[in-house]
Amino acid sequence: MSSSELDRLLADAEHLYRDLTFQSVRDWKRRTGGLAIGYMPVYVPREILHAQGCLPVGVLGGGEDLEIIRGDAFYQSYICHIPRSTIELGLNGALDCLDGMLFPATCDVIRNLSGMWRMQFPDKFVHYLDVPQDFDPQVGGTFYEHELQSIAAALAARGAKPLRDDALAASIAVFDTHRDAVEALYTLRREQPWKVPTHELYLLLRAGMLLPVEEHVPLLRRYRELVLADAARRPMDQARVLLTGSFCEQPPLGMIKTLERAGCYIVDDDFVPVHRWIRGRVARGGAPMRDLVGAFLESGVPSAIRYAEHGGKGDDVVARVRECGAEGVVFCAPSFCDPALLDQPMVVRAIERAGIPWTAFKYSENTGQFQVIREQAGTFADSIKLWSTV
Amino acid sequence: MSNPATAQIHKDASQERQKRMIAEHFHRLAQAPDTGHKCAYTFVPGNLTELLRTFDVLPVLPEINALQSGMRGRSRDYIALAEKLGHSEDVCTYVKCDVGMLHSGNVGPTGERLPRPDLLLLSYTGCFTFMKWFEILAQEYECPVVMLHVPYQGDGRITDAMRRYVVDQLRRKVIPMLEKVSGKAYDEDLLRQHLARSAQAETDLVAVLEAAKHRPSPIDAYFGGVYYIGPIFTAFRGTQDAIEYYRELRAEVEERMRAGKGPVTPEGELEHEKYRVVVEGPPNWTSFRQFWQMFVDEGAVVVASTYTKVGGVYDNGFRHDPARPLETLAEYCMGCYTNLDLPTRVAMLSRYVQEYSADGFLINSVKSCNSFSAGQLMILREVEKRTGRPGGFIESDLVDPRYFSASNIKNRLESYFQMIEQKRSSGAGT
């Protein structure tokens, strides 16, 4: 084992995280001549893009390092931060390397951003990906399949490879191995959270927004090998918490570190959820497109942006708390995030019914002061360690 | 939107008729537990009133209840209660107002208690919050919920796949659920009759709204407009009552136009039309009359508005078509204003500015509604660029009185109208 190798690996991941010029994407385009297609949170089926020879590029806003100069002129103060920093990246040329953008049906802000993008960047491919809220394969499935086919056709018209069944089947297999690799790290963190600090895991997840999947899978696997072999990583007296609400606009890295330093082991979360949106491998058996659609309908994770068809709001969070052995829940949502904040009272009701302690605070991607959050999280962790019966 | 009875002094016959219609509707709702009438809670955009009526199911519209609570001065307490129950200060105040009202006895605008729903019909059209709203209500009521997911016009058009998706949901989900709740079989011929009546009323509504192209405008298409859209956006589309209301209203408006009269305002008739403006965004309801008066004081008339299209865009030629009953319902739902993409909204506003000979346009950006508000600053610049007319921007909220700053808004409006005046005197922009 080489701790310097681990250090280098994490340093590389952090470099990707902080690189607001998207240099790795530019390099990939120079090497391959392929199309780079950006996507906003929360979920897009990257398998389609991959099968057409495109690089899916996750655009998660500008984070904590981007100075907003023009983006604020596009949004009122009561709208979340991610769209203004994304516009900023578009206007400052950082996203010139992208040949198109997908805006999935996450909320009205992301939805409307799709129209703004179309007006601001008329030469780029822009598509609003309307995912079904009806999960019947004959109804929502048919609609969703048509959506994906129309994206594939539009990309092909812009120079991507036409979508073929064999290529899509191969891409689904590649992303299945990716899902396995991500899940293996989440499992390890759940079992030995001292081996996988969340601020490290988070950097690795973010690297997967930019790197080709073929490079990201080995990175995840190598990290796992290195931390397993690192005897210096030893258990500490921390409270195990599940963090929820951070599925779209991401918290600054410093905030994740603050939570850990305040005494929390984050043993489950919903950061960068595109990696874990489909639970497990895609069930195979039909045409690859049908399989991918079926996975979305039947194996998609419960989320604030997914209609709770059968009620039971919050039951999934209770189940995840049990599964990961969490002792409490941290609601950690961006300010003005409609999906997360409208969901919260319903989830609170469910976890209170289950007797699970919780705390809540808000952030924005460029929050710079963590003292209040540190005190709140520290008090929460202490209270769990002292009094919790969960 | 409907029946804000205190806002106008002079009442035309159509207003009296509307007041009577609404009172009767709320009375029917209050009596529903005794009469056995079934009730469905649903939303204004993408509402399926004709279909509900086919099953003799009465609609209850939580947005309308919320705005009525705002106008009656109840929303502050309702919102405070919802926030006490854990709802964030950042989210839609319609939702919080509704939750607070529910936990305060669920008394409707006429003072009678609203019935519990027999069905939550989630018409998920043009607003993400709708989905969360009914998930919240589903926790409060033990009743069935049926979702109608209406795809967004992301490319500014309705595709066959989108239409089929909505029709499939209607046929396979919504109609079977309505049959189950009501105990009545689906009668498509009856639905066609309702749809034919809708189309008649819609034509008269368009004539009313387009009367504002005349100088002086005989109507105010925003503050007055919210009264005009009341029946057709709520419980009455597809009824004979609606046909008669809109026929009567149209005749009154056309008579005003012939007589060269301006709109009726809270202070009586506006005699001198000084400014003609287009307005984007919902009004503030807690200070509705005060807000309107600020325009009246300046001699400003709103000649077209987008808010009066949230429950259906009819001035683009759409009419409910009884020959294609489910397809026409699907197209109606997908065509509501907040389901249109931003380029289409910009084009629509620009067209209004031109066709209604407006001096400019104003955006009332409400904190509660990201569906409307996200992107409005870009809309402002785009419409200015395309029309050459000045845009103004004010901020308030739907029903949270904490976000209505009268002095700030008045100040901005005065500055805006001064700007128009300066452009006029310099010969630019008109």
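Guide: By class, the side of chain B that touches chain A has 23 nonpolar, 16 polar and 17 charged residues; here Ala, Val, Leu, Ile, Met, Phe, Trp, Tyr, Cys and Pro count as nonpolar, Asp, Glu, Lys and Arg as charged, and the others, Gly among them, as polar.

Visitor: What should I know about the model before we go on?

Guide: This is a predicted model, in which local features need pLDDT of at least 70 and side-chain atom pairs count only at pLDDT 80 or more, whereas totals for chains, interfaces and linings use all residues. Side-chain values use heavy atoms, with hydrogens and water left out, while residues are numbered from 1 along each chain as its sequence is written, and chains are lettered from A and ligands numbered from 1 in the order in which they are written.

Visitor: How many residues of each chain are in contact, and what makes a contact?

Guide: Contact means heavy atoms within 4.5 Å, and 56 residues of chain B are in contact with 49 residues of chain A. The area buried between these chains, meaning the accessible area (1.4 Å probe) that two parts lose on being put together, summed over both, is about 4600 Å², of which carbon and sulfur atoms give 59%. B:Phe128, B:Gln139 and B:Met378 supply 15% of the area that chain B buries against chain A, more than any other three residues.

Visitor: Why is the pair of A:Lys362 and B:Glu89 called a salt bridge?

Guide: A salt bridge is a side-chain nitrogen of Lys or Arg within 4 Å of a carboxyl oxygen of Asp or Glu. The distance from N to O in this pair of Lys and Glu side chains is 3.2 Å, and therefore the pair meets the rule. Between chain B and chain A the count is eight salt bridges, and over all chains it comes to 63.

Visitor: Where are the domains of chain B, and how do you know their bounds?

Guide: Domain bounds come from an automatic or database domain assignment, which for chain B gives domain 1 (13–185) and domain 2 (191–425). The C-alpha centres of these two domains of chain B lie 23 Å apart, and the contact takes 54 residues from domain 1 and 54 residues from domain 2. The rule finds five salt bridges across this interface of chain B, and B:Arg17 forms a salt bridge with B:Glu248, where the closest N and O atoms are 2.7 Å apart.

Visitor: Why is B:His194 called buried?

Guide: Buried means under 20% relative accessible area, exposed over 50%, and partly exposed in between (1.4 Å probe, protein chains only). B:His194 has a relative accessible area of 6%, so the residue counts as buried. Its place is in helix α8 (residues 188–210) of chain B, where helices (H or I, at least four residues) and strands (E, at least two) are DSSP runs, numbered from the N terminus. Leaving aside neighbours within four places in sequence, B:His194 is in contact with B:Glu50, B:Arg53, B:Thr54 and B:Gly238.

Visitor: Why are A:Arg281 and A:Asp180 called partly exposed?

Guide: A:Arg281 stands at 47% relative accessibility and A:Asp180 at 32%, so each value falls in the range between buried and exposed. Their side chains meet in a salt bridge (2.4 Å, N to O). The pair links distant parts of the chain, 101 residues apart, with A:Arg281 in the loop between β6 (264–268) and α11 (288–299) of chain A and A:Asp180 in helix α7 (residues 165–191) of chain A.
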